[in-house]
Amino acid sequence: MPEADLVMQGGGVKGIALIGAVEVLEERGYTFHRVAGTSAGAIAASLVAAGIPATTMVDILKAADYLRFQDGQWWDNTLLGKVIDLVTRNGIYRGDYLRRWLTDQLTTYGRYGRTGTFADLAYQDPDPEHHPLPPERQFRLIVATSDISAGRLRYLPWDYPDFGRVPSGESIADAVRTSMSIPFFYRPVRWTAPGGRRTWFVDGGMLSNFPVDVFDAPPGVAPRWPTIGIMLGSRPDAAQGDVNPVKGTLSFGLALLRTMMGFYDRMHIDADGIIDRTIFIDTGKVRTTQFDLSEADRDMLYRNGRAAAEQFLDGTSDHPGWDFAAYVAKHRS
């Protein structure tokens, strides 16, 4: 039975494409030791880490009422209300519904514990004598979030002790909420660290939307199993059109933000040969915050996720199928 760690990119409402790919991996017999994700990838990662079967996850995301994720008072959807929210709270929507919704899924369908906390996702390396993990890293799930107060990427629950928090007692949904704070769309999450220092968290994609190396063995050490990545977008070597079209002030600001959020990951992929272990999913013209997603768009994303995973495993006329031994020989020998 093939083993792997799994890392999933963020992409807002496009998360069902990630689960389509995971479903194919499960059908091919893959089991996952640990799972990491950013933003929507963190939502999908939490469901996978909780041991929820992919077929159930597909049903969950197809049935989700995405419009409810734009939560707040009625005036938050008016132009004046949005302006006031941006000025006073640095974001429009609260993200409270996401917390409740995700906790409900984890406590209803999760395989372990069903408390909705990281205690459900305890992990021990299969060979603890030779690969011991510190206590804060003994968990199946990693959520990447951007700590803009410190100007650094944080991995939860690994970094909870820095804030005086016990990892096992923390809510999974709260960790995911810190990671999916899309700038200006959702309100940032604020914590008070020991000593009274205020910390602000926004979308993990601000610093790395695809932390695919988070589980990698150190340089010079051959990996025991692969880390497979799933990205929402075309392969870097594929012909691309106008990725961030600029037609005015608003589109200019969005293009600026997307460029900042994606540059590090694109450079990282090109530099480290990560393309060979990554599933790239074509998500069409669906936007990250397109919460009025139609049933046809949901089905397209799901089918494209499945197709991308099948092509990754089986290969195409342009690229060979996935071969872990060949990957190690090429990149890690």
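Modeller: Start with β1 and strand β9 (residues 227-232), which pair in the parallel sense over four bridges. Strands here are DSSP runs (E, at least two residues) and helices are DSSP runs too (H or I, at least four), numbered from the N terminus. Two strands pair if DSSP finds at least two bridges between them. In β9, Gly229 stands opposite Val7.

A note on the model. It is predicted: local features need pLDDT of at least 70, side-chain atom pairs count only at pLDDT 80 or more, and totals for chains, interfaces and linings use all residues. Residues are numbered from 1 along each chain as its sequence is written, and side-chain values use heavy atoms, with hydrogens and water left out.

Now strand β2 (residues 31-38). Five bridges join β2 to β1, and the two run parallel. Phe32 of β2 is the bridge partner of Ala4. With α1, these two strands form a right-handed β-α-β unit. Right-handed means that, with the strands pointing away from the viewer, the path from the first strand over the helix to the second runs clockwise.

β1 (residues 3-8) is largely enclosed by the rest of the structure, because five of its six residues are buried. Buried means under 20% relative accessible area (1.4 Å probe, protein chains only).

Look at Leu6. Beyond its neighbours within four places in sequence, Leu6 is in contact (heavy atoms within 4.5 Å) with residues including Val22, Phe32, Phe215 and Ile230.

Key
Buried means under 20% relative accessible area, exposed over 50%, partly exposed in between (1.4 Å probe, protein chains only).
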